[in-house]
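Colleague: I would like to learn how to read the features of a model, one at a time. Please take me through them.

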Amino acid sequence: MSDNELYIGPTALEPGAPEGPGTGHRIAQLLVIPLALILVAVILIFYVFFQRGRVVGPSMLPTLRNEDMVLVSKGYDTPRRGDIIFTWVDEQGQRIEVVKRVIALPGDTIEVRNDVAYINGQAEPARGQVISPRHSDSVDKYTVPADHLYVMGDNRLESEDSRYIGPVPISGAMGRVVAIYAPFQRIRLVR
């Protein structure tokens with residue numbers, strides 16, 4: 001090299017020089033886009049389409065356990081028998097949030113014998129309900145009023161439900177439980 005030449009190092013035009021963005025840029029593209037999509041999905045799931053709920057107490061065993069964190073659909077305008085819902089009940093003048101299973105719909109005739117519900121003369125489907133013949137309750141035939149639901153816990157021994165508090169208004173239902181999202185080992189859809 002002569003005194004008049006200035007060396008500025010390798011250029012992109014030299015053979016063997018990297019072409020286009022470096023490896024760091026490609027890794028960023030591979031991570032940032034999926035992470036952004038995951039963030040958007042989490043926001044949609046936890047804040048737009050669903051609300052979060054926490055199960056308190058043993059009334060829904062074995063389906064739901066105490067302290068399960070659940071996703072609850074927003075709005076609830078088409079109740080179905082078997083749905084698990086979050087609703088409000090009035091207990092001594094205070095609104096208490098509870099989670100129960102819908103047993104009967106408006107206009108249904110319900111009768112409870114030994115903690116088994118009979119809806120329009122048919123026994124409810126077996127869902128693993130906890131029932132004890134020694135500590136069971138019965139309820140005479142009853143027609144569920146318009147705009148109300150008859151709800152019961154799956155753990156009939158530990159559930160304060162429509163057998164004691166009467167039917168709950170559909171308007172008080174906050175939504176249907178669709179999944180358990182915590183604790184990690186309990187993550188699953190709920191039916």
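**Strands, burial and surface**

Modeller: Start with a pair across two strands: Ile 84 stands opposite Arg 101 in β4. This is a predicted model, in which local features need pLDDT of at least 70 and side-chain atom pairs count only at pLDDT 80 or more, while totals for chains, interfaces and linings use all residues. Residues are numbered from 1 along each chain as its sequence is written, and side-chain values use heavy atoms, with hydrogens and water left out.

Colleague: How many bridges join strand β3 to strand β4?

Modeller: Strands of a sheet pair through backbone hydrogen bonds, either parallel or antiparallel. Two strands count as paired if DSSP finds at least two bridges between them. Here β3 (residues 84–91) and β4 (residues 94–104) run antiparallel, joined by 8 bridges. Their hairpin has 2 residues between the strands, and Gln 92 takes a positive phi near 55° there. β3 also pairs with β11 (residues 173–182), in the antiparallel sense over 3 bridges; in that pairing Thr 87 stands opposite Ala 173.

Colleague: Which elements does the chain have, and how many?

Modeller: Elements are DSSP runs numbered from the N terminus: helices are H or I of at least four residues, strands E of at least two. The chain has 2 helices and 12 strands. From the N terminus on, the elements run α-β-β-β-β-β-β-β-β-β-α-β-β-β.

Colleague: What is the strand order in the open sheet of 4 strands?

Modeller: The order is β7-β6-β5-β8, with antiparallel pairing. β7 (122–123) and β8 (139–143) stand at the edges with a single partner strand each, so one side of each has no neighbour in the sheet. Strand β5 (residues 109–113) is joined to β8 by 3 bridges, and the bridge partner of Val 112 in β8 is Val 139.

Colleague: Is Asp 154 buried or exposed?

Modeller: Buried means under 20% relative accessible area, exposed over 50%, and partly exposed in between (1.4 Å probe, protein chains only). Asp 154 has a relative accessible area of 0%, so it is buried. Its place is in the loop between β9 (148–152) and α2 (162–165). Across the chain, buried residues make up 36% of the 191 residues.

Colleague: Which side chain makes a polar contact with the side chain of Asp 154?

Modeller: A polar contact is a pair of N or O atoms within 3.5 Å; within protein, one must be able to donate a hydrogen and the other to accept it, and residues adjacent in sequence count only if both atoms are side-chain atoms. For Asp 154 the partner is the side chain of Arg 101, at 2.8 Å. Contact in general means heavy atoms within 4.5 Å. Leaving aside neighbours within four places in sequence, Asp 154 is in contact with residues including Ser 59, Pro 62 and Gln 129.

Colleague: How far apart are the C-alpha atoms of Ser 73 and Phe 49?

Modeller: They are separated by 6.5 Å, with the residues 24 apart along the chain. Ser 73 is found in strand β2 (residues 69–73), and at 15% relative accessibility Ser 73 counts as buried. Leaving aside neighbours within four places, the contacts of Ser 73 include Phe 50, Met 174 and Val 178.

Colleague: Where does Leu 44 lie, and how exposed is it?

Modeller: Leu 44 lies in helix α1 (residues 23–49). With a relative accessible area of 33%, Leu 44 is partly exposed.
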